[in-house]
Amino acid sequence: MDRLIAGYAGKLVRAGLCAPDEAVLCARDDAFFFSRPEGPDTALVSGVAEGLGAGAAILVRPARPCREAAAFFARAALRESGPDHAAIFPRDCETRTFLHDLPVIPGPGWPPRPDRTAVSDAVSALSRRKGAVFADGTLLAPGGLALEQAFVTASSMIFACMVKFFSDYLAHVRENTLPAGMEAAMARVLDGLDDPPPPLAALSLARGPFADAAPARAAMAQAGRLTVRCGLVDSAFGNVSCLLGDVLHISRTGAALDELEGQIDACPLDNSSCAALTASSEFVAHARIVTETTARVVLHGHPLYSVILSMDCGETDCPDRGRCHVACRAARFLWDAPIVPGEVGGGPRGLARTLPPALVGRRAAMVYGHGLFAVDQTDFNAAFAAMLEIERRSRDEVLARVGEA
């Protein structure tokens with residue numbers, strides 16, 4: 001258990017989500033185990049896990065950009081709605097389908113408060129949601145059964161707060177409705193941005209075409225690791241696939257892209273197997289992409305600045321405003337990648353319907369508020385290079401628009 005906890009604490013730091021020693025993790029076996037020696041600092045996470053009947057919990061003081069963004073939203077929500085009803089409402093895909101909203105807990109969360117009131121407030125907020133935000137931008141996420149669930153929620157909240165802060169700021173500037181204090185908060189966010197931009201050029205990946213499953217799966221795992229290392233996906237989201245004959249090899253649902261060994265399913269496209277039951281939730285979209293276009297590999301990530309730009313639209317009088325994620329009818333592009341609406345799955349508004357037509361003759365397509373799908377006919381080199389280039393250009397563009405505001 002100690003090794004498991006240390007592993008997730010290390011992942012938080014390596015991903016740039018927090019500084020060392022600015023997270024407290026706990027997980028339960030026969031007793032609670034902690035990422036730091038048991039003491040007053042651990043009472044909050046164990047108290048919350050105990051109160052919710054959860055197996056794990058993570059309290060994290062995010063890196064400064066997210067912390068400032070989350071604190072700005074949390075304090076605004078407390079002013080507008082009061083301590084009993086305050087919540088943050090991000091509009092990215094992960095929040096819509098996974099988090100719904102982020103309840104706000106009054107008072108600071110860091111350093112951790114061991115008092116009963118803090119535990120009670122946190123348990124109350126988390127009784128209806130997967131994660132919550134303290135007034136100082138500290139985040140708290142329980143894991144019902146496993147520490148992995150808490151990690152996914154914590155990293156997803158960080159992503160959601162960053163996307164919301166930049167996309168809201170750009171919209172407010174365009175409409176001349178910038179809330180009080182947001183300009184100063186943006187200055188603090190920018191001052192804390194020490195993440196390096198994506199590299200100028202992609203590293204060389206395994207060359208295809210692949211003769212059989214073993215080298216194809218090794219190439220999928222390699223592409224997944226590099227996608228995570230370059231910051232092009234958050235938490236356990238994103239997926240990757242490769243078509244060999246009539247079998248689609250695809251990462252499993254919930255699999256971390258940097259840990260794909262043993263987490264790839266072989267799914268016959270003639271439905272002669274039930275392997276797709278554990279495959280990525282976007283299996284149907286991948287299957288239609290490789291059968292309705294010339295693509296044979298698909299790489300899907302959630303690059304932060306690309307997602308922000310996908311949501312930055314100046315059509316203020318659009319009749320579909322507020323339903324952009326499912327009903328956008330405008331022909332919009334992120335550089336050469338079309339921006340399409342779509343929900344996870346194969347329903348009438350699902351990605352399986354919107355993505356394949358957009359990818360005909362193209363190297364990538366962007367799903368509004370969700371992420372980028374990059375494709376190629378042979379291997380993952382061109383797909384990864386496309387994602388890297390689009391995210392680098394998007395980062396430069398977002399920071400330029402903010403700087404010009």
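Predicted model: local features only at pLDDT ≥ 70, side-chain atom pairs only at ≥ 80, totals over all residues.
View 1. The residues concerned are Met-182, Ala-185, Met-186 and Val-189, each of which is buried in α7. Seen down the axis of α7, these buried residues fall within an arc of 100°, so they line one face of the helix.

**View 2. Helix α3 against helix α7.** The axes of α3 (residues 64-81) and α7 (residues 182-191) come within 7 Å and cross at roughly 165°, which means that α3 is roughly antiparallel to α7. The crossing in which α3 passes α7 is right-handed. On the side of α3 the meeting residues are Arg-64, Pro-65, Glu-68, Ala-69 and Phe-72, and on the side of α7 they are Met-182, Ala-185, Arg-188, Val-189 and Asp-191. Sorted by class, the residues of this contact of α3 with α7 comprise six nonpolar and four charged ones, with no polar residue.

**View 3. Helix α6 against helix α7.** Here the helices α6 and α7 pack with their axes 11 Å apart and at an angle of about 135°, and therefore α6 is oblique to α7. The crossing in which α6 passes α7 is left-handed. From α6, the residues Phe-165, Phe-166, Asp-168, Tyr-169 and His-172 meet Met-182, Glu-183, Ala-185, Met-186, Val-189 and Leu-190 of α7. The contact of α6 with α7 divides into eight nonpolar residues, one polar residue and two charged residues.

**View 4. Helix α3 against helix α6.** By class, the contact of α3 with α6 is made up of 10 nonpolar and two charged residues, and no polar residue takes part.

View 5. Most residues other than glycine have a negative phi, and most peptide bonds are trans. The peptide bond from Trp-110 to Pro-111, however, is cis, with omega near -5°, and Pro-111 is found in the loop between β5 (102-105) and α5 (116-126). The peptide bond from Gly-208 to Pro-209 is also cis, with omega near 0°, and the place of Pro-209 is in the loop between α7 and α8 (213-229).

**View 6. Two loop residues with a positive phi.** Asn-176, although it is not a glycine, has a positive phi of about 55°, and this residue is found in the loop between α6 and α7. With a relative accessibility of 71%, Asn-176 counts as exposed. Trp-335, another residue other than glycine, has a positive phi near 60° and is found in the loop between β12 (332-334) and β13 (337-340). Trp-335 has a relative accessible area of 29% and is thus partly exposed.

**View 7. Thr-293, a buried loop residue.** Thr-293 is placed in the loop between α9 (283-292) and β11 (297-301), and at 11% relative accessibility this residue counts as buried. Not counting residues up to four places away in sequence, Thr-293 touches Arg-288, Pro-356, Leu-359 and Val-360. From C-alpha to C-alpha, Thr-293 and Glu-38 are 55 Å apart in space, and they are 255 residues apart in sequence.

**View 8. Ser-35, a partly exposed loop residue.** Ser-35 lies in the loop between β2 (32-34) and α2 (43-52), where it is partly exposed, with a relative accessible area of 31%. Leaving aside neighbours within four places in sequence, Ser-35 is in contact with Ile-5, Ala-23, Val-24 and Leu-25. The C-alpha atoms of Ser-35 and Val-228 are separated by 23 Å, the two residues being 193 residues apart along the chain.

Conventions:
Residues numbered from 1 in each chain as written. Heavy atoms only, no water. Axes fitted to C-alpha atoms, helices over the stretch in contact; angles between N-to-C directions. Helix = DSSP H or I, 4+ residues; strand = E, 2+ residues; numbered from the N terminus. Parallel < 35°, antiparallel > 145°, perpendicular 65-115°, else oblique. Left-handed = near helix turned anticlockwise from the far one by under 90°. Contact = heavy atoms within 4.5 Å. Nonpolar A, V, L, I, M, F, W, Y, C, P; charged D, E, K, R; others polar. Buried < 20%, exposed > 50% of the residue type's maximum accessible area, 1.4 Å probe, protein only. Arc of directions from axis to C-beta.
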